[in-house]
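Let's walk through this one together, question by question.

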Amino acid sequence: MRMPDLTALLTATAVFTSALAFAAKADEVHVLNWKGYGADEPWAVEAFEKATGNKVVNDFFNSEQEMLTKIRTNPGLYDVVMINAAFNDQAMAGKLIQPIDVSKLPNYADISKDKAGSPMLVHDGKVYGVPWVWGLTALAINEKSFDKPPTSIAEMWDAAHKGRVVIRDDAVEAVQFGAIATGQNINDIKDMDAVKTKLTSLMPQIKTF
């Protein structure tokens with residue numbers, strides 16, 4: 001048994017979604033994936049292969065734009081792709097993914113209704129993504145640089161860290177960080193100008209993306 005189509009993922013955030021064409025071999029499941037998100041863990045791959053008889057072939061991307069490009073330029077190669085939910089509409093509009101028959105997913109009913117029914121995943125009653133993880137990238141620190149761990153994301157803007165801050169090159173995440181730093185709800189941002197100003201002021205702090 002194989003997964004016949006490409007399916008999309010939700011992450012806050014990540015979602016598994018389904019492809020539009022068949023992969024090269026009937027006993028292979030080609031997955032376009034973030035590396036280290038969990039779905040590519042050896043134990044998870046081994047358990048899936050044992051349960052289904054299908055071999056998992058992972059291909060990895062480093063950004064959402066790279067992911068979209070890989071799907072466009074390799075039609076029919078991928079069966080499943082992990083997508084940030086914020087990019088699901090773009091993938092759907094480009095006809096890069098197709099609806100998922102969730103009746104074939106026994107655990108789908110266990111997903112909270114607010115996440116499973118997110119408008120980022122469900123269109124006209126059709127499901128284009130299954131939630132996988134939810135959240136935002138955490139703030140990590142070099143413990144040797146602090147006597148006490150910081151308690152606020154505002155630490156990134158401290159002049160003492162000029163040229164020593166690293167963030168992911170992800171537009172959605174950057175805006176969410178800016179929203180948190182300006183005291184806004186990341187899921188209901190009211191003042192994008194404030195976010196833009198705050199992110200612009202972070203630039204001198206950044207060592208690399």
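**A closer look at the chain**

Q: How far does the backbone oxygen of Asp 158 lie from a polar atom of the side chain of Gln 205?
A: This is a predicted model, so the distance is a computed one. The pair consists of the backbone oxygen of Asp 158 and a polar atom of the Gln 205 side chain. Polar contacts have a cut-off of 3.5 Å, and the separation here is 2.5 Å.

Q: Is Gln 205 buried or exposed?
A: Gln 205 sits in the loop between α6 and β10 (206-208). Leaving out residues up to four places away in sequence, Gln 205 touches residues including Met 156, Trp 157, His 161 and Val 165. Buried means under 20% relative accessible area; because the value for Gln 205 is 5%, this residue is buried.

Q: Which residues of helix α5 are buried?
A: Helix α5 covers residues 171-181. The cover over its buried residues includes α6 (192-202). The buried residues in α5 are Glu 173, Ala 174, Gln 176, Phe 177, Gly 178 and Ala 179.

Q: What is the volume of the second largest pocket?
A: The lining of this pocket has 20 residues, and those nearest its centre are Ala 140, Ile 141, Arg 164, Val 165 and Val 166. At least two lining residues come from each of β9 (165-166) and α5. The volume of the second largest pocket is about 460 Å³.

Q: Which residues have the most contacts inside the largest nonpolar core?
A: The largest nonpolar core has 15 residues. Both α2 (64-73) and β5 (80-84) supply at least two residues of this core. The residues with the most contacts inside it are Leu 32, Met 67, Val 81 and Ile 83.

Q: How many residues are in the second, separate core?
A: Among the members of this separate core are Ile 167, Phe 177, Leu 202 and Ile 206. One of these, Phe 177, is also among the buried residues of α5. The second core has 8 residues.

Q: What is the relative accessible area of Val 29?
A: Val 29 belongs to strand β3 (residues 28-33). Its C-alpha atom is separated by 9.5 Å from that of Glu 49, 20 residues apart along the chain. Val 29 counts as buried because its relative accessible area is 2%.

Q: Is His 123 buried or exposed?
A: His 123 lies in strand β6, and its side chain reaches the backbone oxygen of Pro 119 at 3.4 Å. Leaving aside neighbours within four places in sequence, His 123 is in contact with Asp 89, Met 92 and Tyr 128. The cut-off for buried is under 20%; because His 123 has 19% relative accessibility, His 123 is buried.

Q: Where does Asp 124 lie, and what is its relative accessible area?
A: Phi of Asp 124 is near 50°, a positive value in a residue other than glycine. Its place is in the loop between β6 (122-123) and β7 (126-127). Asp 124 is exposed, with a relative accessible area of 81%.

Q: Is Lys 95 buried or exposed?
A: Lys 95, a residue other than glycine, has a positive phi near 55°. Lys 95 is found in the loop between α3 (88-93) and α4 (113-116). Exposed means over 50%; because Lys 95 is at 66% relative accessibility, Lys 95 counts as exposed.

Q: What share of the residues in the chain is buried?
A: The chain has 6 helices and 10 strands. Its accessible surface is about 12300 Å², with 56% belonging to carbon and sulfur atoms. Of the 209 residues in the chain, the buried share is 39%.

Technical notes. Residues are numbered from 1 along each chain as its sequence is written. This is a predicted model: local features need pLDDT of at least 70, side-chain atom pairs count only at pLDDT 80 or more; totals for chains, interfaces and linings use all residues. Side-chain values use heavy atoms; hydrogens and water are left out. Buried means under 20% relative accessible area, exposed over 50%, partly exposed in between (1.4 Å probe, protein chains only). Helices (H or I, at least four residues) and strands (E, at least two) are DSSP runs, numbered from the N terminus. Contact means heavy atoms within 4.5 Å. A nonpolar core is a set of buried Ala, Val, Leu, Ile, Met, Phe, Trp, Tyr and Cys residues joined through side-chain atoms within 4.5 Å. Accessible areas come from the Shrake-Rupley method with a 1.4 Å probe; for residues, only the protein chains shown count as cover. On a 1 Å grid over the protein atoms alone, a cavity is a set of points where a 1.4 Å probe fits but cannot get out, and a pocket is an open set with protein on both sides within 12 Å along at least five of seven lines; lining residues have an atom within 4 Å of a point. Grid points are joined across faces, edges and corners, and a volume is the space filled by probe spheres set on the points. A polar contact is a pair of N or O atoms within 3.5 Å; within protein, one must be able to donate a hydrogen and the other to accept it, and residues adjacent in sequence count only if both atoms are side-chain atoms.
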